[in-house]
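Have the model open as you read.

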Amino acid sequence: MKCPYCGFQEDRVLDSRGIRDGEAIRRRRECLQCGRRFTTHEEIEEAQIRVIKKDGRRELFDRAKVMRCLALACHKRPVSSEALEQVVDEIERRLYDRGDREVPAAGIGERVIEALRALDPVAYVRFASVYREFQDATQFKEIVEVLREEEQPQREDTGGRDRPPTESGA
């Protein structure tokens, strides 16, 4: 460690103690040349993931950006902020567990879309329309039809109780 007073490269550690519940260490040091004392702090540096954008640019993974996308898709939907936090936690955990230093933005987008599909169908359609760059209403219709087909077996399992009433009122 370089002395902040004289620039000498050698010192001795006088005292070390954990701070912030063991997240960091505070060390009291003494310069071996000038004898002055100074304090240093050490903390864990997490590996940072870079996101590779469509145009080839790279930027640091931003958890808040993923949260903003989810919140926008779920605006005025019955989805709690805790549920959104859990989705972001899971996406972030999976990214770090992979161990890759760089991840394509499309991979993150696909994880978001999967999570929204399970969380809320309307939020899923909203996000998919922007993420997949829908050009016309037929694309909305197609995605809604896919959701209906997936939902159909669930309605049959409940004996038709979830079906809307017919025109005859039955």
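Below are notes on a helix pair and some salt bridges.

## Ground rules

This is a predicted model, where local features need pLDDT of at least 70, side-chain atom pairs count only at pLDDT 80 or more, and totals for chains, interfaces and linings use all residues. Residues are numbered from 1 along each chain as its sequence is written, and side-chain values use heavy atoms, with hydrogens and water left out.

## Where H1 meets H2

Helices here are DSSP runs (H or I, at least four residues), numbered from the N terminus. The axes of H1 (residues 63-73) and H2 (residues 81-98) come within 10 Å and cross at roughly 135°. These axes are lines fitted to C-alpha atoms over the stretch in contact, with angles running from 0 to 180 degrees between N-to-C directions.

## Salt bridges

A salt bridge here is a side-chain nitrogen of Lys or Arg within 4 Å of a carboxyl oxygen of Asp or Glu, and the structure holds 20 of them. Arg63 pairs with Glu85, with the closest N and O atoms 2.8 Å apart. That ties H1 to H2 across 22 residues.

Arg77 and Asp120 also form a salt bridge, at 2.9 Å from N to O. Arg77 sits in the loop between H1 and H2, and Asp120 in the loop between H3 (105-119) and H4 (121-131), 43 residues apart. Arg77 is partly exposed at 28% relative accessibility, whereas Asp120 is buried at 5% (buried is under 20% relative accessible area, exposed over 50%, partly exposed in between, with a 1.4 Å probe and protein chains only).

Definitions and conventions. Helix = DSSP H or I, 4+ residues; strand = E, 2+ residues; numbered from the N terminus.
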